[in-house]
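Me: I would like to go through a structure with you, one question at a time. Could you begin with the terms I shall need?

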Amino acid sequence: MPDLSLLLPMVALLAVIGAFAGVIAGLLGVGGGIVLVPAFFYAFTFLGFAGPQLMQVCLATSLATIIVTSIRTVMSHHKKGAVDWAILRAWAPYIAAGSVVGVMTASSLKSATLQIIFGVVGFCVGMYMALGKSHWRLGAEMPKGPRRLIAAPIVGFLSVLMGIGGGSFGVPLMTLYSVPIHRAVATAAGFGVTIAVPSVLGFLLVQINGAPPFTVGAVNLPAFGLIVAMTLVTAPLGVRLAHAMDPKPLKRVFAIFITIVALNMLRKVYGW
């Protein structure tokens with residue numbers, strides 16, 4: 001068991017991270033996971049748990065928190081009439097299928113490989129958030145038929161490999177297909193539930209060697225409980241901010257933050 005003098009500061013740090021992740025999830029619709037995964041990784045590494053499957057614990061624990069955060073966020077948006085339930089119902093089964101494949105893939109990969117995936121995809125997400133233009137469009141409506149059959153599972157698959165909700169991919173995708181930004185943010189919260197529920201059920205069956213204490217399958221229960229407690233309080237605040245302000249300036253700053261986090265993850269893998 002970790003020494004209390006080491007554990008207590010990390011508990012305090014994770015509480016702050018959880019509060020920040022909740023606000024970001026509600027405000028930008030990118031999902032708290034893009035903050036939580038690297039935060040968990042650095043926290044667990046600092047505590048001395050740096051095994052070859054550590055990233056699976058980070059991904060699974062992040063996704064477990066997203067179940068609660070996304071439900072709270074989507075219900076808050078629903079009260080404001082912002083959720084496009086037609087899109088959510090049409091895309092949910094295919095996203096869930098991609099999530100199941102993502103769990104099977106992630107459980108077989110080494111931590112270093114998952115770090116590389118997180119770093120590369122996180123860098124791309126950061127670049128899009130920083131440089132993407134609001135007027136960019138790929139079509140007038142969301143893909144249907146074969147195009148949806150391809151796109152939706154990819155959203156679920158990549159989200160699980162990064163331990164994130166649907167916002168990081170869902171919001172850009174929907175805005176590129178002419179869904180208004182506030183509706184895209186609200187609907188993407190529903191994507192998060194669809195991704196997280198089947199993936200966490202799968203991760204609970206994974207066996208992790210050298211996991212942090214009180215880890216069931218790949219889900220660390222103390223980190224899950226602490227983050228959920230904070231995000232339940234702060235996610236609705238993010239939703240209120242999203243409907244009260246233009247998030248563009250903050251989005252640019254957050255994009256820089258995510259890019260730095262992604263590059264630092266890659267730096268650690270290659271020992272630079």
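Reply: Helices (H or I, at least four residues) and strands (E, at least two) are DSSP runs, numbered from the N terminus. This is a predicted model, in which local features need pLDDT of at least 70 and side-chain atom pairs count only at pLDDT 80 or more, while totals for chains, interfaces and linings use all residues. Residues are numbered from 1 along each chain as its sequence is written, and side-chain values use heavy atoms, with hydrogens and water left out.

Me: How many residues of α2 are buried?

Reply: Eleven of the 14 are buried, so α2 is largely enclosed by the rest of the structure. Buried means under 20% relative accessible area, exposed over 50%, and partly exposed in between (1.4 Å probe, protein chains only). Among the buried residues are G33, P38, F40 and F44.

Me: How many aromatic pairs does a search of the whole structure find?

Reply: The search finds four aromatic pairs. In one of them, the rings of F40 and F44 have their centres 6.0 Å apart and their planes at 20°, so the pair is stacked. Rings of Phe, Tyr and Trp (its six-membered ring) pair if their centres lie within 6.5 Å; planes under 30 degrees apart count as stacked, over 60 as edge-to-face and the rest as tilted.

Me: Where do F40 and F44 lie?

Reply: Both lie in helix α2, four residues apart, which is about one turn of the helix. F40 has a relative accessible area of 0%, and F44 counts as buried at 5%.

Me: What about W91 and F191?

Reply: Their ring centres are 6.3 Å apart and their planes are at 20°, so this pair is stacked. W91 lies in helix α4 (residues 85–106) and F191 in helix α8 (residues 181–203), so the pair ties together parts that are 100 residues apart in sequence.

Me: Is F191 buried or exposed, and which residues does F191 touch?

Reply: F191 counts as buried, at 0% relative accessibility. Not counting residues up to four places away in sequence, F191 touches I87, L88, W91, I95, G166, G170 and M174, where contact means heavy atoms within 4.5 Å.
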